[in-house]
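I opened the model to look up a few points and kept notes as I went. The entries follow in the order of looking.

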Amino acid sequence: MMKTLLDIIVKLGSVDRRVIFLIIALVVFLPLIFPVGLTIKPTDTTRRSFEAVDELKEGDNFLMSFEYGPSTKPEVNPMAVAVLNHAFRKNLRVYITCLWPDGQFMAQDVLAEVLPDYDKVYGEDYVLLGYRPGNEAVVKGIESNIKGLYTVDYANTLIDEIPMMQDVNSLSDIDMVFSFSAGYPGTVEWVQYGCDPAGVKLSTGVASIQVNEILPYENAGQVLGIIAGMPGAAEYETMIGKKGFGTSGMDAQSVAHLVIVLFIVLGNATYFIERKRSQKTY
Amino acid sequence: MLKRQIPLAIVFLTGMATLFGWFVDNVVFETFVNDTATQWFDIIASFAMILGSLNLLRVQGEKVLRRKRNWIYSIFAIGGFFFSITVGFLFRGANYVEISDLGPNQGAISEVIASAENIDPKIAAVTLSLVEENEVFEVSRIFITESGAKQLVDDLNANGAKAEFKSKTWGGHILEKGTLFNWMFVYLFTPLSATMFALLAFFVASASYRAFRIRNFEATLLLISGIIIMVGRVPLGSLISPWFVLYLIVLGGGIVSNSYFKDVKRTFQITTGGILVVTIAGFIAGWSPDSIYFLSFPVLQEWIYSVPNIAGSRAIMIGIALGMVGTSLRIILGIEKSFLGE
Amino acid sequence: MTGMEIFGAWIAVFLTLAIFSFLYKDNPFYKIAEHLFVGISAGYWAAIAFWNQIQPNLFGRLWPKVDGELSGLKAFWYGIYNFFGWFHSGIFPEGGIDKGHEIDIWYLIPFVLGMFMILRLWPKFGWLARWSMAYIVGLAAGLRLYGFLSSNIISQIKGSALPMFDSVGTSINSILIIIGTLTGLFYFFFSQEHTGIFGKISRVGIWFLMISFGASFGFAVMGRISLLIGRFYDLITYSSAEYFHASWWVLGLIIIGLGIMAFKEKASPESH
């Protein structure tokens, strides 16, 4: 009986990888069709991010920077929607910049999703400054002279004609920066060339792949909290009490993670059984 | 001299100027370094992007002309390139309608606008009611073709309004939603880009199953840390009872003792004893998760994330930074010349 | 829902499923999608770079909008502009480029360096691109040197100075972080052989690094699954009646296509 069980495990270990692909496809697809609605508990880093934004006062200048594209949109976009909701609820003055060209389209999508629920006026409550190429040079430009870098906004309106740009000349006129980042340039550049030199508060939401890179900055106090990937977005949505795309993906995320852990366990079980059998042979 | 010394001199001058820009307190110098020099950097970087695109065209074109392997597919690459260049530089596809006078028949106008924008006529009527006298109203729908916009102009003028056909400015057309460039971004670029990345999910799962092996202690640490993060970060992790984790620890202990003592009887005794102790403790505590909450996946995950993981990440960060500082100095001083192709 | 949106949805579904078809095996659908991605991306990035930087910030500073009559050198300068405008009045609109800049002839330097960059395509003049590269590399090196030194070394060392005489838990955690950081750094010291006490310290460092890599792996898995959820979400959206069940039809067509290819491959003489 034991031998039969071990034989089955060994056979499973050499299954065609396309079977694994099919299983992954099913475990991600099915929970999207039949959601369960698992409870989401915020982690400490998301909580710190939330509190950093929550501590701002009405009328404070809040810069949101979009440095992600369609390839990481499912992870980062939901957190941008949640944070923008939070910012609008607190009546912050929102300035939107983009270090990635795709970031501008992402910003427009987020604005289109959030604006209908609020009575905000462009140029007075929020402004989309848009994308400028140059990576860290752009962050340096914003840090020293925003108006030198952004002579027009995304719609080619002259910057001097936008009311909320009147008293904003450099990064030190901004009360807090929130970077939505998926790589280079992103949060790292904001830390090194923007917020550290200017002494401005910075928080961030990043794609999962970048979390470990940003963690030392968070621990050293250079970044106030991290929203980590889609689970982080779901946690932020829970904290602001507005469920969105992040929450809807959590069931599929949970099941997929569990299945991958089972794959690892099964794969190693096969490895040990085969190793023991080959040792017995010699 | 032209191919070597001058580039090295440029690197030295720009590098030193940028470096001193952080320390020198002179307005002219600071303005040059922080504004002008960085603007120039942005502009040259943009030319580098254009170079990349043209080079791609050259490589794919060569494949087609020389009938290299799989040259047929290069036709798609070239076709895609010319489509995006056409949409970016030659065909704006960003036509819209401006109404300078709504006329006397606002009800009919709101119906026409509602039909064009695919919204409820009541919403269109409310929007139009907020338009002040002499204020120009822009219909939000963007038409890719001129004929579509002109048709709307005719419909509005036929109902008494004064409408005009217009096009978004060149440059603005790539950033506005609804233009042909935006259509390309949403329906071509986005699915291609996103799906390429999403494909990796399958390969990660396959690698986890077929390649991720506990061959030594370090690999075990990597695996356990990865599993705890994966399970602890998702909502499912908080549903798993810490008592289950305690049983896993006992089983893990059994495996470790077997590898040390290599005695099946002793392993069985240790494992069974552990399971018994945990079961008795569980009954006494009423299987309450709060009594050993520190063994729950979210708490374990939080500790790994914020203690040993930070230590390792910080060591990596400082190590890389030291290397970066060294390399940057070598580049500025002309010791490192790899960017010249040497 | 406009016709273009529905047409776009069908194309998006085809491209998505074509790329996923690679999971079965490499096939023409995947190769077509892959090459389209390469071509479209190249044109996309070129358009973005040009309209966001070169036209407004470079040309907008070399030929800003002017009013009134021009004479002398300015007339000659804008004569060149008008010549360019004959080719593309969108890039060079009549009267100059209105982006709020003043004329700044020093911007001829990045213009020339930018043209040198493009000359990389011609082997005879490609060496001129070294001057442009030198500027970019020099500026980036100067920026990075200070940036990394300040934020990644000094601030991180400051951040490692953690409270060691707080509560028991905090103190133990702080000591662990300090030990882990130091031993991890010891591991990266490759000019010293990792033997003896140094070797043992490095070994401890490796353990902390492995835990960090494991966490990175966990986050990587998390990220990839999230992206897959995003794609499936779009496919579910496009499977609705609004889009004429695009996902199902395209899936069926691709499966049939792959089936025919597999059948032909089996039946072909080369396969035996």
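Which residues in H6(A) are buried? I worked on a predicted model. I found Glu136(A), Ala137(A), Val138(A), Val139(A), Lys140(A), Gly141(A), Ile142(A), Glu143(A) and Ser144(A) buried. That is nine of the nine residues of H6(A), which spans residues 136-144.

I then looked up what covers these buried residues. From chain A, the cover includes strand E2 (93-98), helix H7 (146-149) and helix H8 (187-198). Other chains take part too: helix H2 (27-65) of chain B and helix H5 (129-159) of chain C are included.

Next entry: the sheet of chain A. I read an open sheet of six strands in the order E3-E2-E1-E4-E5-E6, with parallel pairing. Strand E3 (126-131) and strand E6 (226-228) of chain A stand at the edges with a single partner strand each, so one side of each has no neighbour in the sheet. I noted an average twist of 15° from one strand to the next.

Within the sheet, I checked E1(A) (residues 61-67), which runs parallel to E2(A) and is joined to it by six bridges. Phe66(A) has Cys98(A) in E2(A) as its bridge partner. I saw helix H5 (residues 101-114) of chain A pack on the sheet, touching E1, E2 and E3 of chain A, with its direction at about 155° to that of E3(A). H8(A) also packs on the sheet, touching E1, E4 and E5 of chain A, and its direction makes about 150° with that of E4(A).

Last entry: chains A and B. I have 45 residues of chain B in contact with 49 residues of chain A. On the chain B side, H7(B) gives the largest share, 14 residues. I sorted that side into 24 nonpolar, 13 polar and eight charged residues.

How values were computed. Residues are numbered from 1 along each chain as its sequence is written. Chains are lettered from A and ligands numbered from 1 in the order in which they are written. This is a predicted model: local features need pLDDT of at least 70, side-chain atom pairs count only at pLDDT 80 or more; totals for chains, interfaces and linings use all residues. A residue is buried if 20 or more other C-beta atoms lie within 10 Å of its own, exposed if 12 or fewer, and partly exposed in between; C-beta atoms are placed from the backbone. Helices (H or I, at least four residues) and strands (E, at least two) are DSSP runs, numbered from the N terminus. Two residues are in contact if their C-beta atoms, placed from the backbone, lie within 7 Å. Ala, Val, Leu, Ile, Met, Phe, Trp, Tyr, Cys and Pro count as nonpolar, Asp, Glu, Lys and Arg as charged, and the others, Gly among them, as polar. Two strands pair if DSSP finds at least two bridges between them. Axes are lines fitted to C-alpha atoms, for helices over the stretch in contact, and angles run from 0 to 180 degrees between N-to-C directions.
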